Amino acid sequence: MPKKIPSAFRSLILGAAMWSAAQSSPAADVAFPVFEAAPCCQLCPHAADPAAYNTKFLDAFRTLVQGSDGWLFRAESDLSAQFGTTPEGLDRLVEFQRALRERGTELVVMVQPPRGVMHADKLKGSGYSYDVEGARASYRRVISDLRSRGVAVPDMETLLTTQDSSEYFSRNDHHWTPEGTRRTAKLVADRVLQMPQFKSVKRQTFVTHKEGLVTKNGTLAKAASELCGFGSPKQYFARYVTEPADAGGDLLGDEAVPQIALVGTSNSGPSYNFSGFISEYLQADVLNISVIGGGMDGAMLSYLPSEEFRSNPPKILIWEVQHFHNLGDLSFFRQAMPLLNGGCNGKDAILEREVVVRPTGSTEVLFNGGGAVRPLKGRDYVLDVQFSDPTMLEMRGVVWYTSGNKENLRVEQSQHAPSQKGRFVTSLRPDGNWGDQIFLGFDVEAIVPEAPVTATAVSATGANTPAAKPAAGAPLKVRARLCSAHDTGMRARGADESRVVAGVAGVAGAAR
């Protein structure tokens, strides 16, 4: 009976056997042993324990599920069956869409389908109970809800029924494959072609060709390795590159500025050529300002206050998000809406002060007092904070109200996104009864600045670099302004949100 050994070691043992036989017998007399490759590297029991995912990296992969043919899945992300947003969340998204439209930009939202739904056949025999029909229905409902509110959405649901032998996602990585990217880009382009705004977009001939390979070590495979101590085989895909057919055109004139922009995650990075495929199908240039590692909102929140957006807002803005992201997250809109309106720049500050931040504890920055308390209702105001250290990636503070309530405020910026140079903009809390409370004061908590990193935004103008550090030993200063929100679209909500969960570039607030 043939021996069974893991396939990872078969070539090594076979080579050793050949060498040994060659030393003892003439070549004609060599009889090589026959081996049968057995499946290698199944997940260990440790991977089924949610408590084992106790690092920042592993937390995103809780918990791994073994599929067939080397496939791995994340139970909490890939195999979720219910997702989407709330009616209040849809209201916020529509307000954001309208605010963009007022500036001449039409929003297109591309929601990536669930990995488990696209490859449910790879779960057969896994023993994992996955409600794939419920997930399909939930995904279709997300698309339908967005479309019913007037949001431009590609016909992504057709991916759930279209027969295609190519793999949409990688086997042991959470990203899509270049072929999955291509299929999605066609759907996005088909939707954009229907939009009136596209009629005035400058056309240009783009061609796509294969250029080498994309090698994927696999993020899920890496998590499995940390948990179980084994390696997984790499995957290889054709790399696609899209280029203008006429590279000798005028690249310096105003007409060279793309009128279509793409903001997204690492799925829109160069390895997958998402913006390139869209350009080919549209025959129009696409500015790719996605941020690798920036999450759902990292690219958007760094793009809105940029000079690139303010000077040349695109006619069409494509937003690539994954199905499990909450498009109605208050933490995102508390930043996006005021950033879209410039924060407090160009507005009269109701309150303004610059102070030196204490090295420990908290520092009072703004106070609504001095003999008279102004009726500054939270829903109507924006907080614009600028630190002297341009490398600051996080702001922590406390917003006080005359009612005695306080909100622990935390605003984070992705270390991978283009630097906002130490500036943090957020509206005061507008939801529930918070919007009616009177602002009393704002304190900043001491925080050690993060070391700067090179931004990985994918841009036609090249990658952004971090701002320089202030002079060594210089005291950390902060300038805070409170100004009117005016037309930011943030209004009081009917539902009380007692806690805002922070995202990669979100605002976290908790009532105390």
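Me: Rings of Phe, Tyr and Trp (for Trp, the six-membered ring) pair if their centres lie within 6.5 Å; planes under 30 degrees apart count as stacked, over 60 as edge-to-face and the rest as tilted. Which residues form one aromatic cluster here?

Reply: This is a predicted model, in which local features need pLDDT of at least 70 and side-chain atom pairs count only at pLDDT 80 or more, while totals for chains, interfaces and linings use all residues. Residues are numbered from 1 along each chain as its sequence is written, and side-chain values use heavy atoms, with hydrogens and water left out. The aromatic cluster is formed by Phe96, Trp319, Phe332 and Phe333. In total, the structure holds 14 aromatic pairs. One of them is stacked, because the rings of Trp71 and Phe73 have centres 5.8 Å apart and planes at 20°. Both Trp71 and Phe73 are buried, a word that stands for under 20% relative accessible area, with exposed for over 50% and partly exposed in between (1.4 Å probe, protein chains only).

Me: How are the rings of Phe387 and Phe424 placed?

Reply: Their centres are 5.9 Å apart and their planes stand at 90°, so this pair is edge-to-face. Phe387 belongs to strand β13 (residues 381-387) and Phe424 to strand β16 (residues 423-427), so the pair ties together parts that are 37 residues apart in sequence. Phe387 and Phe424 are both buried. Strands (E, at least two residues) and helices (H or I, at least four) are DSSP runs, numbered from the N terminus.

Me: How many helices and strands does the chain have, and what share of its residues is buried?

Reply: There are 10 helices and 20 strands. Of the 512 residues, 50% count as buried. Contacts, defined by heavy atoms within 4.5 Å, can also be sorted by separation along the chain. Among those between residues at least 6 apart in sequence, 80% join residues at least 24 apart.

Me: What is the order of the strands in the open sheet of four?

Reply: Strands of a sheet pair through backbone hydrogen bonds, either parallel or antiparallel. Two strands pair here if DSSP finds at least two bridges between them. The open sheet has the order β5-β10-β8-β9, and its pairing is parallel. Its edge strands, β5 (106-112) and β9 (286-288), each pair on one side only. Within this sheet, β8 (residues 260-263) and β10 (residues 316-322) are joined in the parallel sense over four bridges. One place to look is Ala261, whose bridge partner in β10 is Leu317.

Me: Where does UniProt place the feature "active site"?

Reply: UniProt positions follow the numbering used here, with feature names shortened, and the annotations may be inferred rather than shown by experiment. The record, an unreviewed entry, places "active site" at Asp173, His175 and Ser266. These residues are spread over 94 residues of sequence yet cluster in space, with a largest C-alpha distance of 12.0 Å. His175 sits in the loop between α4 (132-148) and α5 (178-193), while Ser266 is in the loop between β8 and α7 (274-282).

Me: Why do His175 and Ser266 count as buried?

Reply: His175 counts as buried because its relative accessibility is 8%. For Ser266, a relative accessible area of 16% makes it buried. The side chains of Ser266 and His175 make a polar contact at 2.6 Å. A polar contact is a pair of N or O atoms within 3.5 Å; within protein, one must be able to donate a hydrogen and the other to accept it, and residues adjacent in sequence count only if both atoms are side-chain atoms. Leaving aside neighbours within four places in sequence, the contacts of His175 include Phe169, Lys216 and Tyr272, and those of Ser266 include Tyr272, Val291 and Gly293.

Me: Why is strand β17 described as largely enclosed?

Reply: Strand β17 (residues 439-445) has five of its seven residues buried, so it is largely enclosed by the rest of the structure. It pairs in the antiparallel sense with β12 (residues 362-367) over five bridges, and Ser362 has Glu445 as its bridge partner. With β14 (residues 394-401), β17 is again antiparallel over five bridges, and Val398 stands opposite Asp443.

Me: Is Thr363 buried or exposed?

Reply: Thr363, in strand β12, is buried, because its relative accessible area is 5%. A polar atom of its side chain lies 3.0 Å from the backbone nitrogen of Arg358. Beyond neighbours within four places in sequence, Thr363 is in contact with residues including Phe442, Asp443 and Val444.
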